[in-house]
Amino acid sequence: MFCHPTDSIRAHPVDGGGNLETVMTKDDIYAKVAATLVDALGLDDDQVTPGARLRNDLGAESIDFLDIVFRLEREFNIKIPREELFPEAILQGDPDMMQDGRVTPKGVEEIRVKMPFADLTEFQKNPTVDAINDLFTVEAITRFVQMKLDTKA
Amino acid sequence: MRWIWIDRFVDFRPGEKAVSVKNVSFAEEPFGEHFPDWPIFPAALMLEGLAQTGGILIGEARDFKEKVVLAKITSAAFTREAVAGDVLTYTATIIVLRDEGASVRGTVEVRGEKIGEAEIFFAHLDANRSGTMFGDHNFVFSGELKYLLGLARKANPRPEPEGTISAG
């Protein structure tokens with residue numbers, strides 16, 4: 001592979017050995033992730049936006065997360081080990097990482113490590129435990145899938 | 001009330017598909033109130049029948065190692081009512097079967113016409129958690145449903161894997 005796939009390149013053969021495999025652009029991935037969420041959550045197409053939060057905007061519940069993981073695995077032919085996308089009890093009630101509903105700097109770092117696909121810019125301004133849910137946006141899931149596909153290639 | 005909403009398995013292919021029938025009887029409880037002057041069989045109970053059919057299919061595929069719980073009706077659509085005297089045929093096929101859960105597609109037919117379909121998502125609870133959280137009566141396969149499965153298995157014996165030494 002001589003050039004790194006960028007967002008603007010489509011249908012780029014990655015394997016010179018005659019096995020033509022199209023590289024998905026971020027837009028392609030987003031479109032598929034959106035369609036997956038529409039199926040899993042019974043949404044209208046226009047409800048899904050990049051910044052839409054799974055719980056608070058799209059009404060997802062715990063059982064939906066399992067369904068979403070199964071569908072993403074099938075849709076993108078990837079393996080998602082338990083808790084890799086939706087970690088449970090991410091800070092484990094550890095007083096070093098969370099106190100009085102607020103996330104400590106150590107906790108923020110833990111989240112950054114466990115959820116490299118999440119965008120922490122807004123979260124860092126006011127890191128509360130409740131706000132952790134808001135990290136799970138359609139955009140974040142798209143990034144997660146993109147990272148999985150990149151490591152697969 | 002006995003919470004068994006299927007009467008008999010008519011086809012059972014382990015790990016793949018199960019077909020059951022439910023005879024709708026005017027004597028059943030729901031008709032008392034659903035609805036006065038318009039007695040129709042509740043769609044929710046057709047979903048329950050599909051869930052029981054699919055749930056047994058899932059449980060059997062994993063040797064009933066875990067408790068199978070109806071977790072989510074992902075989608076459901078019904079095009080006609082079912083009424084007393086109808087024989088409902090429930091067909092459940094496995095879409096995905098994993099350690100943590102499974103998804104099943106179900107259809108409801110009356111006299112060869114599809115009147116409903118649904119996608120049903122099940123969660124698997126391991127024996128430890130489920131024992132402490134829920135009583136036995138909450139689960140898909142009570143002894144009654146396993147009995148129905150037993151009848152189906154007698155009609156369609158599961159082929160032994162090659163090379164198996166039969167325990168006799």
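Of the 168 residues in chain B of this predicted model, 34% count as buried. Chain B contains three helices and six strands, and along the sequence these elements follow the pattern β-β-α-β-β-β-β-α-α. Among the contacts in chain B with a separation of 6 or more, 70% are accounted for by residues 24 or more positions apart.

Chain B also touches chain A. The contact takes 11 residues from chain B and seven residues from chain A. On the side of chain B, the elements that give two or more residues are strand S3 (67–78), strand S5 (101–110) and strand S6 (113–125). S3(B) gives the most, with four residues. By class, this side of chain B has four nonpolar, four polar and three charged residues.

In chain A, attention turns to helix H1, which covers residues 26–41. At 1.5 Å a residue, its 16 residues should span 22 Å, and the end C-alpha atoms are 22 Å apart, which agrees. After H1(A) comes Gly42(A), whose phi is positive, near 65°.

Which residues of H1(A) are buried? They are Ile29(A), Tyr30(A), Val33(A), Ala34(A), Thr36(A), Leu37(A) and Ala40(A). These residues cover an arc of only 160° around the axis, which puts them on the same side of H1(A). An α-helix has 3.6 residues a turn, so residues three or four places apart point the same way. What covers the buried residues of H1(A) includes helix H2 (62–76) and helix H5 (138–152) of chain A, together with S3 of chain B.

Conventions:
Residues are numbered from 1 along each chain as its sequence is written. Chains are lettered from A and ligands numbered from 1 in the order in which they are written. This is a predicted model: local features need pLDDT of at least 70, side-chain atom pairs count only at pLDDT 80 or more; totals for chains, interfaces and linings use all residues. Two residues are in contact if their C-beta atoms, placed from the backbone, lie within 7 Å. Ala, Val, Leu, Ile, Met, Phe, Trp, Tyr, Cys and Pro count as nonpolar, Asp, Glu, Lys and Arg as charged, and the others, Gly among them, as polar. The expected span of a helix is 1.5 Å times one less than its number of residues. A residue is buried if 20 or more other C-beta atoms lie within 10 Å of its own, exposed if 12 or fewer, and partly exposed in between; C-beta atoms are placed from the backbone. The arc is that of the directions from the helix axis to the C-beta atoms.
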